[in-house]
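The exercises below are meant to be worked through with the sequence and the structure side by side. Each task is followed by a solution that goes step by step.

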Amino acid sequence: MASKSYYPTMVVIYLLAMVLMIINPTTLFIIFTVVVLIMFQIVWFVYYQNSLKEETNQSLRELEYKLNKTMRYRDETRQQFTSLAEVLGSGLIRIDENERVREINTYAKDTFDLSDAIDQPYDVLKRHKTLYNLIHEAYLTERETRGQIVYNDRFFDINSAPIFESNLYHGCLVLIHDITQIKNAETFQKQFTADVTHELKTPLSALKGISEILLRDQDMPLEKRQEFDKIVFNQSERLETILNDLLIISKMDRLDYELNIKQLNIKQLLEDVIDLLRTQAEDKGLVVEATIADDTIYVDPLKMEQVLLNLVKNAINYTDQGQITIKGYIDKKEYVIEVLDTGIGIKKSDQEKVFKRFYRVDDARSRASGGSGLGLSIIKNVIRKHHGTIDLQSTFGEGSRFIIRIPRVQEIR
Ligand SMILES: Nc1ncnc2c1ncn2[C@@H]1O[C@H](COP(=O)(O)OP(=O)(O)OP(=O)(O)O)[C@@H](O)[C@H]1O
Ligand SMILES: [Mg+2]
């Protein structure tokens with residue numbers, strides 16, 4: 001480098017000139033040496049200046065390169081951050097140290113209608129009071145803050161974390177998770193537990209009451225005692241039914257619940273179910289008719305039997321006179337089963353609800369038949385697990401038609 005060798009070189013040249021002048025101290029030689037020295041000094045100085053300039057330019061270029069590299073890296077990181085924020089599936093807002101919204105992903109914009117928020121002071125969030133309050137608190141306290149808000153009937157978990165760089169506060173990062181499903185599941189679970197308790201309480205109270213009477217009244221006439229015994233038996237059976245149904249439901253709710261798919265002759269199964277329940281129907285004076293197409297389908301035979309037993313039992317239970325018709329036919333890739341009755345029918349407003357757990361249109365009637373209100377919800381679940389559908393058409397006072405469509409071959413999904 002010129003700058004490094006400049007001064008030592010100059011010293012060497014001046015020393016050399018002085019030695020030469022001492023060896024040959026003539027006026028002409030001294031003048032000549034001084035002129036040469038001055039010219040050399042000028043030439044060397046110009047050269048030195050140029051190299052210095054070149055060195056500075058080189059450093060500048062290196063600095064520029066490093067700066068570009070850092071900016072590129074920053075842009076890439078920002079790009080990655082933005083992409084990450086977009087695929088996050090949750091809302092993300094970043095507020096900088098100047099109280100401005102510096103980052104807001106599409107999810108947050110769409111959910112809270114904040115498409116105009118970018119680069120605005122975070123006061124823009126004030127249109128959502130609860131969200132603003134949480135973020136405002138987090139911003140002011142410079143601490144991690146967590147809370148839940150409700151907006152448009154949805155529940156959100158808001159988590160705000162401060163950003164520090166070299167111990168300096170640089171705003172905060174807000175993450176917004178939609179927890180509506182979790183909340184709903186929580187509510188559903190609570191409701192379910194309350195329903196189960198209620199359902200178990202009824203037969204248990206009956207059993208307790210009757211045993212109290214039986215204990216108290218030892219001299220009760222045999223006829224009356226037999227009446228009570230019958231109630232005890234019925235209520236115990238009812239308890240057993242509820243517990244069995246609950247067991248089925250809890251099994252189906254498990255994530256690792258799997259069907260045991262086998263090749264099944266559906267005509268045979270339908271006929272077996274009808275044979276099993278025919279007497280029960282005929283005892284009520286009901287006519288049972290069946291037209292069933294022969295086919296082999298791939299289903300879980302035990303579950304399918306449960307579905308058909310439940311459906312036909314319902315038809316018998318909720319029909320006082322007339323006919324039960326069972327149809328089975330192939331419709332392209334599906335096998336369709338229809339169970340029709342000329343019973344009490346279901347009002348339009350109840351038609352969706354009957355598939356819900358514990359829902360009974362007429363509590364007294366269902367209880368009398370020993371029903372727990374879980375049958376249709378189990379059926380619906382089993383059919384869904386088979387990737388099929390169940391539909392209901394019904395006219396109140398005239399009858400009902402339940403239609404099940406099952407893929408004849410279960411595709412692996
Ligand atoms: N074929 C039908 N005709 C009229 N109402 C029906 C029919 N099937 C079901 N329902 C109504 O739907 C309700 C829910 O039926 P579901 O089978 O789930 O329960 P359940 O029959 O009361 O009891 P279980 O759990 O023992 O089957 C019944 O209580 C009844 O009110
Ligand atoms: Mg039922």
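**Exercise 1. Determine the handedness and the geometry of the crossing of α8 and α11, and list the residues that meet there.**

Solution. In this predicted model, the crossing of α8 and α11 is left-handed. As a next step, two packed helices are described by the angle between their axes and the distance between the axes. For α8 and α11, the axes come within 10 Å and cross at roughly 145 degrees. Turning to the residues, α8 contributes K303, Q306, V307, N310, L311 and N314, which meet G375, I378, I379, V382 and I383 of α11. Sorted by class, this contact of α8 with α11 holds six nonpolar, four polar and one charged residues.

**Exercise 2. Describe the shell around ligand 1, and state which elements give two or more residues to it.**

Solution. Begin with the count: ligand 1 is surrounded by 25 residues, of which Y318, R360, V361, G371 and G375 are the closest. The elements that supply two or more residues to this shell are α6 (222-253), α8 (301-317) and α11 (375-385). By class, the shell around ligand 1 divides into nine nonpolar, 12 polar and four charged residues.

**Exercise 3. Work out the strand order of the five-stranded sheet, and explain why β7 and β11 each have one side without a neighbour.**

Solution. The sheet is open, with mixed pairing, and its order is β7-β9-β10-β12-β11. Because β7 (287-292) and β11 (389-395) stand at the edges with a single partner strand each, one side of each lacks a neighbour in the sheet. On average, and with direction ignored, neighbouring strands are turned by 10 degrees against each other.

Next, follow the pairings of β12. Strands β10 (residues 334-341) and β12 (residues 399-407) run antiparallel and are joined by eight bridges; along them, E338 has I403 as its bridge partner, and V339 stands opposite F402. Strands β11 and β12 also run antiparallel, joined by seven bridges, and T395 is paired with G399. These two strands, β11 and β12, form a hairpin with three residues between them, where G397 in the turn has a positive phi of about 85 degrees.

Technical notes: Residues are numbered from 1 along each chain as its sequence is written. Chains are lettered from A and ligands numbered from 1 in the order in which they are written. This is a predicted model: local features need pLDDT of at least 70, side-chain atom pairs count only at pLDDT 80 or more; totals for chains, interfaces and linings use all residues. Two strands pair if DSSP finds at least two bridges between them. Helices (H or I, at least four residues) and strands (E, at least two) are DSSP runs, numbered from the N terminus. Axes are lines fitted to C-alpha atoms, for helices over the stretch in contact, and angles run from 0 to 180 degrees between N-to-C directions. A residue is near a molecule or strand if its C-beta atom, placed from the backbone, lies within 6 Å of it. Ala, Val, Leu, Ile, Met, Phe, Trp, Tyr, Cys and Pro count as nonpolar, Asp, Glu, Lys and Arg as charged, and the others, Gly among them, as polar. A crossing is left-handed if the near helix is turned anticlockwise from the far one by less than a right angle, and right-handed if clockwise. Two residues are in contact if their C-beta atoms, placed from the backbone, lie within 7 Å.
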